[in-house]
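Here is a friendly walk through one model, to be read with the structure open beside you. Please take a look at it first.

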Amino acid sequence: MKEITILSGKGGTGKTSVTAALGSLAGNAVFCDNDVDAADLHLIFQPEINEAYTFSSGWNVTINTTKCTRCNSCLDYCRFDAIRTMSDGGFVIDPLKCEGCRLCERICPANAILAEENKNNHWFVSSSRFGPLVHAKMGIGSENSGKLVTRVRQKAKEIASGSDSRFIINDGPPGIGCSAIASLSGINTALIVIEPSKSGLHDAQRLIELIQSFKIEACAIINKYTINDAFTSQIEKYLEILSIPVLAKLPFDKEMVLAMTEGKTIIEYNPESEISQKITHVWEGLARKTG
Ligand code: SF4
Ligand code: SF4
């Protein structure tokens with residue numbers, strides 16, 4: 001079983017449309033949406049949820065000002081400077097600074113500090129017309145996206161192992177944050193979708209550095225290459241220097257958007273289109289190389 005993660009240095013490159021199109025060609029595969037902060041593969045896959053789970057994303061710590069005796073202990077103990085004094089002399093915890101270590105809860109002599117587990121992240125095991133899909137929904141302001149990606153990937157692996165699937169296809173997150181790092185570990189191939197623009201090239205460079213630090217084989221697709229010929233050739237030259245093969249250059253085509261609005265992949269929407277032909281070719285190459 002081989003694992004492929006499709007990533008982009010930034011949002012809006014068309015990564016999910018490409019992932020879904022490859023997915024509709026893959027046959028015996030398990031899919032995993034690693035873009036847990038803004039999951040959207042389900043919009044095309046339209047999965048039926050079979051199992052739903054809660055994922056904890058740390059602790060929400062608050063001070064009960066009525067119980068607080070203003071002894072100052074929590075202020076002294078907090079190593080993250082997360083406790084602030086208010087104008088009335090009381091205390092408040094800054095949720096942006098609080099690391100949820102719960103030390104203040106333990107040392108408070110008045111039992112005035114309450115730590116509640118954040119349980120607003122959810123993940124799902126679903127079935128779809130292309131195969132099993134493991135996906136997640138992070139709560140607003142939640143953290144631990146990297147750990148959630150690791151969890152959904154672990155489940156996808158279990159399903160793939162139990163069903164003799166040939167591939168796991170991950171729709172990776174944009175950027176180089178925790179969830180991108182978590183979506184790269186242990187995979188066989190990273191496919192980068194790059195848009196020909198200044199920011200597209202810059203963000204792809206940062207992503208490639210990250211992928212290379214993992215010593216993972218990389219390949220690329222330049223999407224919407226017709227929108228900027230100059231940047232397209234700049235990207236091609238850059239990738240050539242790094243020996244990263246460009247598997248396809250896909251033209252800008254509004255059918256990609258129309259397909260998405262109908263909840264279809266481009267392969268389903270118009271199998272005869274130039275993009276469909278090229279993506280089919282990409283998948284055949286990937287399957288040969290990784291299969
Ligand atoms: S340790 Fe407890 S009682 Fe003391 S200031 Fe903090 S919250 Fe108030
Ligand atoms: S839980 Fe830890 S980090 Fe948060 S306020 Fe208490 S001591 Fe500080």
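Just after α5, aspartate 164 adopts a positive phi of about 55 degrees. Before going further, a word on conventions: this is a predicted model, in which local features need pLDDT of at least 70 and side-chain atom pairs count only at pLDDT 80 or more, while totals for chains, interfaces and linings use all residues. Residues are numbered from 1 along each chain as its sequence is written, and chains are lettered from A and ligands numbered from 1 in the order in which they are written.

Helices (H or I, at least four residues) and strands (E, at least two) are DSSP runs, numbered from the N terminus. Helix α5 covers residues 145-162 and spans 26 Å from its first C-alpha to its last, close to the 26 Å expected at 1.5 Å a residue (1.5 Å times one less than its number of residues).

A residue is called buried if 20 or more other C-beta atoms, placed from the backbone, lie within 10 Å of its own, exposed if 12 or fewer, and partly exposed in between. Among the buried residues of α5 are Leu148, Val149, Val152 and Ala156. Seen down the helix axis, the buried residues of α5 fall within an arc of 160 degrees, so they line one face; the arc is that of the directions from the axis to the C-beta atoms. On the face turned away sit the exposed residues Gln154, Ser161 and Gly162. The buried side packs against several elements, including β2 (29-33), β8 (121-128) and α6 (178-184), where contact is a C-beta distance within 7 Å.

## Cores

A nonpolar core is a set of buried Ala, Val, Leu, Ile, Met, Phe, Trp, Tyr and Cys residues joined through C-beta atoms within 7 Å. The largest has 64 residues, and Phe31, Ile192, Ile221 and Ile279 have the most contacts inside it. A second, separate core of 13 residues includes Ile63, Cys78, Cys104 and Cys108.

## Two ligands

Here are the two ligand shells side by side. A residue is near a ligand if its C-beta atom, placed from the backbone, lies within 6 Å of it.

| Ligand | Residues around it | Nearest residues |
|---|---|---|
| Ligand 1 | 14 residues | Cys68, Cys71, Cys74, Cys108 and Ala110 |
| Ligand 2 | 14 residues | Cys78, Ala82, Cys98, Cys101 and Cys104 |

## Valine 92

Finally, valine 92 belongs to strand β6 (residues 91-93). Valine 92 is partly exposed, with 13 other C-beta atoms within 10 Å. Leaving aside neighbours within four places in sequence, valine 92 touches Ile63, Arg84 and Met86.

Definitions and conventions. Contact = placed C-beta atoms within 7 Å.
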